[in-house]
Amino acid sequence: MGAAEGFRHVQRADGTVVITHHGRVAGTLRGARAVEFLAEVDDDPQLVMARWTGNYRHGNERTAKQHPRNRG
């Protein structure tokens with residue numbers, strides 16, 4: 001999978017984390033979820049933010065498209 005580019009995150013003074021993708025808000029995390037995200041984001045920031053916002057490909061799009069129930 002290619003690198004997910006364009007993600008940024010900002011931690012606000014109240015502990016809220018805002019994740020943006022190409023300048024648009026992709027998600028807002030508060031409380032325990034924000035703390036968990038900040039602990040995890042150091043590994044691979046772009047991939048972690050893509051996963052937390054749900055903005056990434058799963059790799060099964062082609063397989064699902066060819067499934068008999070999804071055929072026209």
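**Helix 2 and its packing**

I began with what the buried residues of helix 2 touch: they pack against strand 1 (7-11), strand 2 (17-21), strand 3 (24-29) and helix 1 (31-40). This is a predicted model, where local features need pLDDT of at least 70, side-chain atom pairs count only at pLDDT 80 or more, and totals for chains, interfaces and linings use all residues. Residues are numbered from 1 along each chain as its sequence is written, and side-chain values use heavy atoms, with hydrogens and water left out.

Helices (H or I, at least four residues) and strands (E, at least two) are DSSP runs, numbered from the N terminus. Which residues of helix 2 are buried? In residues 45-53 I found Gln 46, Val 48, Met 49, Ala 50 and Trp 52. Buried means under 20% relative accessible area (1.4 Å probe, protein chains only). After helix 2 comes Gly 54, with a positive phi near 80 degrees.

**The core**

Next I looked up the largest nonpolar core, which has 11 residues, among them Phe 7, Val 17 and Trp 52. Such a core is a set of buried Ala, Val, Leu, Ile, Met, Phe, Trp, Tyr and Cys residues joined through side-chain atoms within 4.5 Å. Helix 2 gives the most to this core, with four residues.

**Thr 16**

Then I went to the loop between strand 1 and strand 2, where Thr 16 sits. Thr 16 counts as buried because its relative accessibility is 6%. Leaving aside neighbours within four places in sequence, Thr 16 is in contact (heavy atoms within 4.5 Å) with Val 10, Gln 11, Thr 28, Leu 29 and Arg 30.

Conventions:
Buried < 20%, exposed > 50% of the residue type's maximum accessible area, 1.4 Å probe, protein only.
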